[in-house]
Structures are given as C-alpha cells and as structure tokens.
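Subject: Structure handover

Hello,

Here is the structure I promised to pass on. Please open it alongside this note.

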Amino acid sequence: GIPRNMTGIAEKLREGGYRTHITGKWDAGMAYWEQTPMGRGYETFFGYYHHATDFYSHIQYNAVGKSDLCGNLVDLWNTTGPARNCNGTYMEELFTENTM
C-alpha cells in the first residue's frame, strides 16, 4: 500500500472543500482499512481490489481460474461492502453508471 506518511490526492482535495469518489480498480493496498480508498481520503468507492475478477459475475478467481470454496467471493465493492445484485451486468457499464 501507499505509505501512511504520504498524502494522497483525495486527502488534498477534501482539504480544499471538494467531494471525492473513486471508481474502478484500486491497486494501492487493502490489507488494513487505512489502505482502502476510504482510508486514503475518498468518501465513496465503487470498484474492485483483486486482479482476477470476472467482469460479469464479479467473482474473484484464483490463479487456476476457480472461485473460492463457496464459489461466491464477490470482488465488486460499493464503499464499505460488496455490491451485490449487480451480477450479470458488465463491470465497465456499472463504473459508468456510478461515475456519472
């Protein structure tokens, strides 16, 4: 993740009175809340964290193309929880809807 002593753009924008939202792939850490988009200053987030997420089912797959043991690890997030009920909609369309 981004070192905590580094200030991100969302934190600076909020200091200036702007609202912050991020859509898409977050690739700057997620092991701790402080590494997530909200922990880095964004008010809302709609996107995914992992690299092997199916763009229609939004399920996270492992390196051999299999889902988790339960078959339902959703890696599409709406701020603080899984964005369920979006299954079957192409992820890029959801990003557009949640950005506009």
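Below is what was found in it, from the overall fold down to single residues.

**Ground rules**

This is a predicted model: local features need pLDDT of at least 70, side-chain atom pairs count only at pLDDT 80 or more, and totals for chains, interfaces and linings use all residues. Residues are numbered from 1 along each chain as its sequence is written, and side-chain values use heavy atoms, with hydrogens and water left out.

**Overall fold**

The protein has two helices and four strands. Helices (H or I, at least four residues) and strands (E, at least two) are DSSP runs, numbered from the N terminus. Along the sequence the pattern reads α-β-β-β-β-α.

Of the 100 residues, 35% are buried. Buried means under 20% relative accessible area, exposed means over 50%, and partly exposed is in between (1.4 Å probe, protein chains only). The protein exposes about 6,500 Å², and carbon and sulfur atoms supply 53% of that area. Accessible areas come from the Shrake-Rupley method with a 1.4 Å probe; for residues, only the protein chains shown count as cover.

Take the contacts between residues at least 6 apart in sequence: 52% of them join residues at least 24 apart. Contact means heavy atoms within 4.5 Å.

**The sheet**

The four strands form an open sheet in the order β1-β2-β3-β4, with mixed pairing. Strands β1 (21-25) and β4 (81-82) stand at the edges, each with a single partner strand, so one side of each has no neighbour in the sheet. Two strands pair if DSSP finds at least two bridges between them. Strands of a sheet pair through backbone hydrogen bonds, either parallel or antiparallel.

Both senses turn up around β2. Strand β2 (residues 44-48) pairs with β1 in the parallel sense, over five bridges. Ile 22 stands opposite Phe 45 in β2, and Lys 25 has Tyr 48 in β2 as its bridge partner. On to β3: two bridges join it to β2, and the two strands run antiparallel. Here Phe 46 has Asn 78 in β3 as its bridge partner.

How many of the five residues in β2 are buried? Four are, which leaves the strand mostly covered. Helix α2 (residues 91-99) lies across β1 and β2 and runs at about 170° to β2. Axes are lines fitted to C-alpha atoms, for helices over the stretch in contact, and angles run from 0 to 180 degrees between N-to-C directions.

**Two loop residues**

Thr 79 lies in the loop between β3 (77-78) and β4. Thr 79 counts as buried, at 18% relative accessibility. Leaving aside neighbours within four places in sequence, Thr 79 is in contact with Met 38, Glu 43, Thr 44 and Phe 45.

Thr 89 sits in the loop between β4 and α2. Thr 89 counts as partly exposed, at 26% relative accessibility. Its contacts, again leaving aside neighbours within four places, are Phe 55, Tyr 56, His 58 and Leu 94. The C-alpha atoms of Thr 89 and Tyr 56 are separated by 5.5 Å, although the two are 33 residues apart along the chain.

**Salt bridges**

Side chains of opposite charge can pair when their charged atoms come close. The structure holds four salt bridges. A salt bridge is a side-chain nitrogen of Lys or Arg within 4 Å of a carboxyl oxygen of Asp or Glu.

One of them joins Arg 40 and Glu 11 (3.7 Å, N to O). Arg 40 lies in the loop between β1 and β2 and Glu 11 in helix α1, so the pair ties together parts 29 residues apart in sequence. Arg 40 is buried, with a relative accessible area of 2%. Glu 11 counts as partly exposed, at 22%.

Another joins Lys 12 and Glu 15 (3.8 Å, N to O). They are three residues apart in helix α1, and therefore separated by about one helical turn.

Lys 25 counts as partly exposed, at 27% relative accessibility. Asp 27 is exposed, with a relative accessible area of 56%.

**A surface patch**

Ile 9, Leu 13 and Tyr 18 make a nonpolar surface patch of about 330 Å². Patches are made of residues with over 30% relative accessible area and no salt bridge: like charges are joined within 9 Å, nonpolar side chains (Val, Leu, Ile, Met, Phe, Trp, Tyr) within 5 Å. Leu 13 is found in helix α1 (residues 9-15). Leu 13 is partly exposed, with a relative accessible area of 32%.

Best wishes
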